[in-house]
Amino acid sequence: MDTADRAHAPVVVAIDGPSGSGKSTVSRAVAARLGLSFLDTGAMYRAMTWWMLANEVDVDDAEAVAVACAKPVIVSGTDAAGPTITVDGQDVSGPIRGPEVTAQVSAVAAVPQVRARLVELQQRCARVAERGIVAEGRDMGSVVFPDATVKIFLTASEAARAGRRAAELRAKGVDEATITAMAADLARRDAADSSRETAPLAQAADAVRVDTSELTLDQVIATIAALVEERAGLSAV
């Protein structure tokens with residue numbers, strides 16, 4: 001795509017990376033700075049998992065999950081100032097962050113029919129984003145938006161990611177036993193997400209790798225925002 005075509009194309013910023021790399025916080029901040037919509041695709045998979053558990057679908061039965069995944073109505077609000085996620089009209093932004101959903105989301109996300117349905121919803125969100133969108137997840141640049149304007153692979157050491165996740169949970173008043181269990185779960189989720197057959201966590205060939213282990217949040221946001229401004233011709237709002 002030449003420069004003239006790029007100037008008129010919808011802006012899509014695809015940010016991928018493992019759990020605890022700061023994708024959601026960074027993506028939301030970049031979207032707000034540049035006046036773009038924001039899409040937390042991980043929340044969509046968590047919402048699907050929450051619905052499966054609430055409706056007593058055996059999440060270890062891939063066939064049962066595949067059949068059931070067409071039923072819930074999942075709506076992801078894309079306002080960076082206040083993103084929302086609902087299932088069948090119910091706000092589930094709190095429940096989807098609980099330990100039960102966290103423990104099961106990788107299994108649900110590995111089911112091809114689940115990914116096909118949610119990818120369609122994700123692409124639809126991008127199509128209707130007036131100025132453009134920042135989408136974060138695990139396969140944004142490699143599968144969902146292969147022609148994204150900018151692709152970022154955000155990563156950090158396992159120790160740094162575990163430490164950040166623990167700090168987030170403490171700030172929310174989560175007990176130490178749960179924090180320890182959820183921090184230890186990072187490695188398991190990394191392995192599950194990277195080894196699944198359908199759309200595994202992987203860095204797209206043309207993605208810019210950003211290691212946040214030694215960077216402040218402001219430094220990461222500034223780095224990515226500058227890259228988007230350069231490639232998409234955008235400026236902060």
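Student: What is the order of the strands in the open sheet of three strands, and is their pairing parallel or antiparallel?

Tutor: This is a predicted model. In the open sheet of three strands, the order is β3-β4-β5, and the pairing is antiparallel. The edges of this sheet are formed by β3 (74–76) and β5 (90–91), each of which pairs on one side only. Between β3 and strand β4 (residues 85–87), the antiparallel pairing extends over three bridges. Within that pairing, Ile74 has Val87 in β4 as its bridge partner.

Strand β7 (residues 150–155) pairs in the parallel sense with strand β1 (residues 11–16) over four bridges. In this pairing, Val13 stands opposite Val150 of β7. Strand β7 also pairs with strand β8 (residues 208–211), again in the parallel sense and over four bridges. Here Leu154 stands opposite Val210 in β8.

Because six of its six residues are buried, β7 is largely enclosed by the rest of the structure. Val150, Ile152 and Leu154 point one way from the strand, whereas Lys151, Phe153 and Thr155 point the other way; all are buried.

A further passage concerns the surface. Asp58, Asp60, Asp61 and Glu63 form a negative surface patch. Of these, Asp61 lies in the loop between α3 (41–54) and α4 (62–68). Asp61 has a relative accessible area of 34%, so this residue is partly exposed.

Notes. Residues are numbered from 1 along each chain as its sequence is written. This is a predicted model: local features need pLDDT of at least 70, side-chain atom pairs count only at pLDDT 80 or more; totals for chains, interfaces and linings use all residues. Side-chain values use heavy atoms; hydrogens and water are left out. Patches are made of residues with over 30% relative accessible area and no salt bridge: like charges are joined within 9 Å, nonpolar side chains (Val, Leu, Ile, Met, Phe, Trp, Tyr) within 5 Å. Accessible areas come from the Shrake-Rupley method with a 1.4 Å probe; for residues, only the protein chains shown count as cover. A salt bridge is a side-chain nitrogen of Lys or Arg within 4 Å of a carboxyl oxygen of Asp or Glu. Lys and Arg count as positive and Asp and Glu as negative; His and the chain ends are not counted. The place of a charge is taken as NZ of Lys, CZ of Arg, CG of Asp or CD of Glu. Helices (H or I, at least four residues) and strands (E, at least two) are DSSP runs, numbered from the N terminus. Buried means under 20% relative accessible area, exposed over 50%, partly exposed in between (1.4 Å probe, protein chains only). Two strands pair if DSSP finds at least two bridges between them.
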